[in-house]
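Subject: Structure handover

Hi,

Here is the structure I promised to pass on. Please open it before reading further; my notes follow below.

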Amino acid sequence: MNEIKVVGIVGAGAMGSGIAQVAALAGHIVILVDPFKDALNKAKEQIHRTLRKQVEKGAYDQQKSDSISANISFTDDINHLKDCGLIIEAIIEDLGVKQKLFSDLEKIVSDNCILGTNTSSLSIVSIASACRKPERVIGIHFFNPAQIMPLVEIIPGLTTNENTAIITKNLIDTWGKKTVLAKDTPGFIVNRIARPYYGEAIRIYEEGEHSFATIDWAMKTIGGFKMGPFELMDFIGNDINYKVTETIFEQLFYDPRYKPSITQKRLYEAKRFGKKSGRGYYDYAEGAINPQPVNDYYIANQKIFTRIIVMLVNEAAEALFLKIATKEDIDLAMTKGVNYPKGLLQWADELGIGYVLNVLEKLHFDYGDDRYRPSILLRKMHNQSKFFYPE
Ligand SMILES: NC(=O)c1ccc[n+]([C@@H]2O[C@H](COP(=O)([O-])OP(=O)(O)OC[C@H]3O[C@@H](n4cnc5c(N)ncnc54)[C@H](O)[C@@H]3O)[C@@H](O)[C@H]2O)c1
């Protein structure tokens, strides 16, 4: 594991430049590659800006900042990656382009170089299939911004060998990140389980009784979430959030649980992406008047929070049932990857699995929609009076 000294990052965009900093901070010699000079210059500026801020805040001294900076070199030539022990790809989300890159990388690197991909939505095995040695290809999914968010999902594909998974997980652990192991399934852990936070919130809004401001208020006040669903969608970008939902829906063979919404599609079409475009659900123009929440605790609890939390718990239970990850990793992923106030399976125990099941069954019956079907795991656990975390 300690033999990996040189780390290559391909793609100097938002993710690649963040991952480069993390690896350099861990003491690696980092080579950041991008075919576009502009992208390399922007990455260089962004990394220097971040390091300057860390020094100003007193988080790093000047020497540490200088050594991180000295550890990173920038190039447009992938041939410079020949001595890498690990390469993490963070280029555009396009299967053909990624496959071509992986096949080109294999012609340059040694046989024991691990090839990681930071893809959010493509399957690991589909990228690995372009390789001569697919057993060395693995998903290493950082969250944005990579230099700040603590979670990294490690995703071995069908053809990844165990050694690759062990070495990668151990190495990223030494980078000060919290790693979780996920199965190569659409959305991995976080992007899959988090879908109802957005989808169910939009459903409630579309039914017309509660404004998005009220729904946001309910989730923050009753649930303790840092951001309400609509604030969060505006922050992530309705373009990105909509596309993730659409991709997961398609990849899960149109399971109604993951159905995208017309409301968000229209925002996307209108380019109301959220904060970055000045308008999403909310208007971010100076002096704009946005709707105010109705601060009714009873309604917030009964009609909003409960409906969204049972859907989230259902998703977490189903992911556990399908062995996408362990219960500990599922809870860790949601608290460290998207800052949930507590793990969803722990939350299920606190709410009562029978209660969660009842609410889901009522929704399923009332709406007659399969999106509300309870996970068989919740039913089994309730029948056997089990807890996710028995004392
Ligand atoms: N942005 C996020 O929130 C986020 C979070 C987790 C994972 N991801 C994933 O990380 C990857 C990168 O996302 P991003 O947001 O950093 O994108 P980005 O658009 O900011 O950066 C992509 C970079 O890749 C470069 N590039 C394009 N084709 C290339 C090639 N053939 N070889 C080398 N470089 C190439 C581009 O010049 C650009 O600088 C994607 O797979 C994405 O799904 C993104």
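A residue counts as buried here if 20 or more other C-beta atoms lie within 10 Å of its own, as exposed if 12 or fewer do, and as partly exposed in between. By that count helix H8 (residues 195-206) is mostly covered, with ten of its twelve residues buried. One caution before the rest: this is a predicted model.

**Helix H8**

The buried residues of H8 are Arg195, Pro196, Tyr197, Tyr198, Gly199, Glu200, Ala201, Ile202, Ile204 and Tyr205. What covers them? The cover includes helix H7 (190-193), helix H9 (212-221), helix H10 (229-236), helix H11 (238-251), helix H12 (262-269) and helix H13 (297-321).

The length of H8 checks out. Its twelve residues, at 1.5 Å a residue, should span 16 Å, and the end C-alpha atoms are 16 Å apart, which agrees. After H8 comes Gly208, with a positive phi near 90°.

**Ligand shell**

How many residues surround the ligand? There are 23, and the closest are Gly11, Gly13, Met15, Ala39 and Asn144. Two elements give two or more residues to this shell: helix H1 (14-25) and helix H4 (95-106). H1 gives the largest share, three residues. By type, the shell divides into 14 nonpolar, seven polar and two charged residues.

**Strands**

Start with strand S1 (residues 6-10). S1 is mostly covered, since four of its five residues are buried. S1 has two parallel partners to look at. Five bridges join S1 to strand S2 (residues 29-33), and the two run parallel. Within that pairing, Gly8 has Ile31 of S2 as its bridge partner. The chain goes from S1 through H1 to S2, and this β-α-β crossover is right-handed. Another pair in this pairing is Ile9 with Leu32 in S2.

The other partner is strand S4 (residues 86-89), which runs parallel to S1 and is joined to S1 by four bridges. Here Val7 stands opposite Leu86 of S4.

S2 is also joined to strand S3 (residues 72-75), through four bridges, and these two run parallel. Val30 stands opposite Ile72 in S3. Is S2 enclosed or open? Four of the five residues of S2 are buried, so S2 is largely enclosed by the rest of the structure.

**Backbone points to check**

Most residues other than glycine have a negative phi, and most peptide bonds are trans.

- The peptide bond between Asn144 and Pro145 is cis, with omega about -5°. Pro145 sits in the loop between strand S6 (137-142) and strand S7 (151-156). Asn144 was also listed among the residues closest to the ligand.
- Phe188 is not a glycine, yet its phi is positive, about 50°. Phe188 lies in the loop between strand S8 (178-181) and H7. Is Phe188 buried or exposed? It has 27 other C-beta atoms within 10 Å; the cut-off for buried is 20 or more, so Phe188 is buried.
- Phe253 is another residue other than glycine with a positive phi, near 55°. Phe253 is placed in the loop between H11 and H12. With 8 other C-beta atoms within 10 Å, Phe253 is exposed, because the cut-off for exposed is 12 or fewer.

Ile148 is in the loop between S6 and S7. Ile148 has 11 C-beta neighbours inside 10 Å and therefore counts as exposed. Ile148 and Ala288 are 140 residues apart in sequence, and their C-alpha atoms are 31 Å apart in space.

Phe387 is in the segment after helix H17 (376-383). Phe387 has 14 C-beta neighbours inside 10 Å, so it counts as partly exposed.

Best wishes

How values were computed:
Residues are numbered from 1 along each chain as its sequence is written. This is a predicted model: local features need pLDDT of at least 70, side-chain atom pairs count only at pLDDT 80 or more; totals for chains, interfaces and linings use all residues. A residue is near a molecule or strand if its C-beta atom, placed from the backbone, lies within 6 Å of it. Ala, Val, Leu, Ile, Met, Phe, Trp, Tyr, Cys and Pro count as nonpolar, Asp, Glu, Lys and Arg as charged, and the others, Gly among them, as polar. Two strands pair if DSSP finds at least two bridges between them. A crossover is right-handed if, with the strands pointing away from the viewer, the path from the first strand over the helix to the second runs clockwise. The expected span of a helix is 1.5 Å times one less than its number of residues. Two residues are in contact if their C-beta atoms, placed from the backbone, lie within 7 Å.
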